[in-house]
Amino acid sequence: MTAQEAFNAASKGGFNDLEAVLALCRKHGGYCVIGGLAVNTYVRPVFTMDADFVIATDKLPVIRADLVAAGFALHDEEWSLNAQMPGSELRIQFTKDARYQPFPAAAVPAKVLGCDALVASLRDLVTGKILAWSDPKRRLSKRKKDETDLIRLAEDYPDVRPQLPDELRRQLPGV
């Protein structure tokens with residue numbers, strides 16, 4: 001069984017959903033993958049049921065229409081447009097946070113679960129994870145996952161350590 005087949009089975013079709021969303025993003029441009037799936041392209045992967053994206057603000061209405069046409073159920077939040085295919089476990093989120101809008105300009109090609117995609121640059125990914133980790137409105141469990149992602153990145157890429165807040169940097173060996 002391939003990684004894609006395993007993910008598809010565990011997520012009840014999530015790999016197919018990811019492929020469909022990536023195709024829409026490539027069609028419209030100005031996007032990148034952020035969050036756990038992007039972290040997984042830089043360091044040893046961990047399982048996640050979320051696919052987080054940044055897309056140019058002016059493309060969000062077109063993406064919304066394409067997602068609906070493809071059969072995705074949509075739910076708007078203050079901070080994101082959420083999409084999920086009925087029956088699938090994969091949660092897709094397009095951030096509306098303006099602080100992430102510069103990320104697609106520096107995105108890099110990578111394989112996301114074997115799919116060609118653009119992911120946030122390492123610097124932008126760390127910046128985004130710090131924004132998420134430091135948000136007091138986020139659930140503690142999500143903030144702890146962000147903290148773990150930041151530590152994983154800093155262990156494999158010591159050059160990002162200066163970006164980290166002191167609280168996180170102190171947890172790293174040799175600092």
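**View 1. The largest pocket of this predicted model holds about 970 Å³ of space.** A pocket here is an open set of points on a 1 Å grid over the protein atoms alone, where a 1.4 Å probe fits, with protein on both sides within 12 Å along at least five of seven lines; lining residues have an atom within 4 Å of a point. Grid points are joined across faces, edges and corners, and the volume is the space filled by probe spheres set on the points. Of the 33 lining residues, Trp-79, Gln-93, Ala-132, Asp-135 and Arg-138 are the closest to the centre of the largest pocket. Helix H5 (122-133) gives the largest share of the lining, six residues, and among the other elements that supply at least two residues each are strand S4 (80-84), strand S5 (91-95) and helix H6 (140-156). Helices (H or I, at least four residues) and strands (E, at least two) are DSSP runs, numbered from the N terminus. By class, this lining has 10 nonpolar, eight polar and 15 charged residues; Ala, Val, Leu, Ile, Met, Phe, Trp, Tyr, Cys and Pro count as nonpolar, Asp, Glu, Lys and Arg as charged, and the others, Gly among them, as polar.

A word on the model: it is predicted, so local features need pLDDT of at least 70 and side-chain atom pairs count only at pLDDT 80 or more, while totals for chains, interfaces and linings use all residues. Residues are numbered from 1 along each chain as its sequence is written, and side-chain values use heavy atoms, with hydrogens and water left out.

**View 2. The second largest pocket has a volume of about 210 Å³.** Its lining includes Ala-3, Phe-7, Leu-37, Phe-47 and Leu-113. Helix H3 brings the largest share, three residues, and the lining divides into eight nonpolar, three polar and one charged residues.

**View 3. Phe-7 and Phe-47 form a tilted aromatic pair, 5.6 Å centre to centre with 50° between the planes.** Rings of Phe, Tyr and Trp (its six-membered ring) pair if their centres lie within 6.5 Å; planes under 30 degrees apart count as stacked, over 60 as edge-to-face and the rest as tilted. Phe-7 lies in helix H1 and Phe-47 in the loop between H3 and S2, so the pair ties together parts that are 40 residues apart in sequence. Phe-7 is buried, at 5% relative accessible area, whereas Phe-47 is exposed, at 52%. Buried means under 20% relative accessible area, exposed over 50% and partly exposed in between (1.4 Å probe, protein chains only).

View 4. Tyr-42 is buried, at 16% relative accessible area; Tyr-157 is partly exposed, at 26%.

**View 5. Strand S1 (residues 31-34) is covered on both faces.** Tyr-31 and Val-33 on one side, and Cys-32 and Ile-34 on the other, are all buried. S1 runs antiparallel to strand S2 (residues 50-55), joined by four bridges; two strands pair if DSSP finds at least two bridges between them. In S2, Phe-53 is the bridge partner of Val-33.

**View 6. Lys-12 takes a positive phi of about 55° although it is not a glycine.** Look for Lys-12 in the loop between H1 and H2, where it is exposed, at 53% relative accessible area.
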